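Visitor: Please take me in for a close look at one part of this model. Pick a spot and follow its connections.

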Amino acid sequence: MNFTAPTFYFDYESDEIKDFVKEFRSDTISKKEKAKRLYLKVRDTYRYDPYSLSFLKEHYRASYLVTQKKGHCIDKSIILIAGLRSLGIPAHGYTWPRLKTI
């Protein structure tokens, strides 16, 4: 499986995701540092809300989630994975096949 390719959920080729990660596109920042900074941005930008659930698969696309102000752990991980892939860093959500809403 290719952990850098765009998918339905990790649609990092969208303008929303490109805009979200544009500050990390510098060649002077290592991939490790990009990953750390992106993690902190996702962690600190979105308020955790375990009650903001949806049963629409479109609401779990990174391009949709990045426009929201709050989300739960799955939302944040989708944004992080899409952002990492956008930066050329392989990433995946290995426990997701167990989730029935996605």
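Guide: Start with arginine 43, which is partly exposed at 41% relative accessibility (20% to 50%; under 20% is buried, over 50% exposed; 1.4 Å probe, protein chains only). This is a predicted model: local features need pLDDT of at least 70, side-chain atom pairs count only at pLDDT 80 or more, and totals for chains, interfaces and linings use all residues. Residues are numbered from 1 along each chain as its sequence is written, and side-chain values use heavy atoms, with hydrogens and water left out.

Arginine 43 forms a salt bridge with aspartate 44, at 2.8 Å from N to O (a Lys or Arg side-chain nitrogen within 4 Å of an Asp or Glu carboxyl oxygen). Aspartate 44 is exposed, at 54%.

Now look at helix 2, residues 31-45 (helices are DSSP runs of H or I, at least four residues, numbered from the N terminus). Its axis comes within 10 Å of that of helix 4, residues 73-86, and the two cross at roughly 150° (lines fitted to C-alpha atoms over the stretch in contact; angles from 0 to 180 degrees between N-to-C directions). So helix 2 runs roughly antiparallel to helix 4 (over 145 degrees).

Arg43 is part of that contact (heavy atoms within 4.5 Å). Helix 2 also brings Ala35, Leu38, Tyr39 and Val42. Helix 4 answers with Lys76, Ile79, Leu80, Gly83 and Leu84.

Helix 2 has another link. Lysine 41 meets glutamate 23 in a salt bridge, 2.7 Å from N to O. Glutamate 23 sits in the loop between helix 1 and helix 2, so the pair ties together parts 18 residues apart in sequence. Lysine 41 is partly exposed, at 21%. In total, the structure holds six salt bridges.

Conventions. Angles under 35 degrees count as roughly parallel, over 145 as roughly antiparallel, 65 to 115 as roughly perpendicular and the rest as oblique.
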